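User: Hi, I've just opened this one and would like to go through it with you. Could we begin with how the helices pack?
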Amino acid sequence: AGPYFPAMLANQWSRAGKAMRQGDRALQALILCSRWLIAPFIVGLLCCILLIIYRFFADLYELTIEMMKESWHDLVVGVLNMVDLTLVANLLLVVIFSAYANYIRKIEPAEHSQWPPGIANIDFGTLKQKLLASIAGIAAVDALAWYLDLEKYSDTSKLTWAIAFPVMFVVAMVLLAFADWLSRQSNIEPE
């Protein structure tokens, strides 16, 4: 074996190290490409928005046709249902933009100066807050619509749950905001 053995061993280790680095790079490339697996979900959510648009205008048409036959009470409930659809569509847009910006491609605000602020840079903390606020708003609108239709239901004890549901989301939103604030405070280094 002699003096050639250490050189031969070092050469084999070097080749093994290169192979491992190539394997790591291949794994990283595979993981990075897997972000495109979210694209079909984004397209599906866009299709859901189209369905919501269809439902919105169908409800608007029905509300317009029935307006003279219905009471103001039924008109308000119909309008609240349309507000509900609008809030759901807004929620979907927040999720779509966030998923696209976080997983597919970063959106550069300078390239899209005409876009409203807040669309391009939605971090995880902001996303949580927007999602919970949207869900709380949707639940509150549903609770209000349910309350206005109270005489149609025989079991009014469900009203408590209809009101507690959005309150639960508001409490969760406040707790998450507090947790995010604590997280930001712990990341600030003392001077």
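Analyst: Let us start with H2 and H3, which pack at an angle of about 165°, with their axes 10 Å apart. Angles over 145 degrees count as roughly antiparallel, so H2 is roughly antiparallel to H3. Please keep in mind throughout that this is a predicted model.

User: OK, and what kinds of residues make up the contact of H2 with H3, by class?
Analyst: The contact of H2 with H3 has 23 nonpolar residues, together with 2 polar and 2 charged ones.

User: Which hand does the crossing of H2 and H3 have, left or right?
Analyst: The crossing in which H2 passes H3 is left-handed.

User: Switching topic, how much space is in the largest pocket?
Analyst: The largest pocket holds about 250 Å³ of space. It is lined by 13 residues, and the closest to its centre are Glu 62, Leu 63, Asp 74, Gly 78 and Asn 81.

User: Which helices supply that lining?
Analyst: Helix H2, which covers 39–66, and helix H3, which covers 72–104, each supply at least two residues of the lining of the largest pocket.

User: And how does the lining divide by class?
Analyst: The lining of the largest pocket has 8 charged residues, along with 3 nonpolar and 2 polar ones.

User: How much of the protein counts as buried?
Analyst: Of the 191 residues of the protein, 24% count as buried.

Definitions and conventions:
Residues are numbered from 1 along each chain as its sequence is written. This is a predicted model: local features need pLDDT of at least 70, side-chain atom pairs count only at pLDDT 80 or more; totals for chains, interfaces and linings use all residues. Side-chain values use heavy atoms; hydrogens and water are left out. On a 1 Å grid over the protein atoms alone, a cavity is a set of points where a 1.4 Å probe fits but cannot get out, and a pocket is an open set with protein on both sides within 12 Å along at least five of seven lines; lining residues have an atom within 4 Å of a point. Grid points are joined across faces, edges and corners, and a volume is the space filled by probe spheres set on the points. Helices (H or I, at least four residues) and strands (E, at least two) are DSSP runs, numbered from the N terminus. Ala, Val, Leu, Ile, Met, Phe, Trp, Tyr, Cys and Pro count as nonpolar, Asp, Glu, Lys and Arg as charged, and the others, Gly among them, as polar. Axes are lines fitted to C-alpha atoms, for helices over the stretch in contact, and angles run from 0 to 180 degrees between N-to-C directions. Angles under 35 degrees count as roughly parallel, over 145 as roughly antiparallel, 65 to 115 as roughly perpendicular and the rest as oblique. A crossing is left-handed if the near helix is turned anticlockwise from the far one by less than a right angle, and right-handed if clockwise. Buried means under 20% relative accessible area, exposed over 50%, partly exposed in between (1.4 Å probe, protein chains only).
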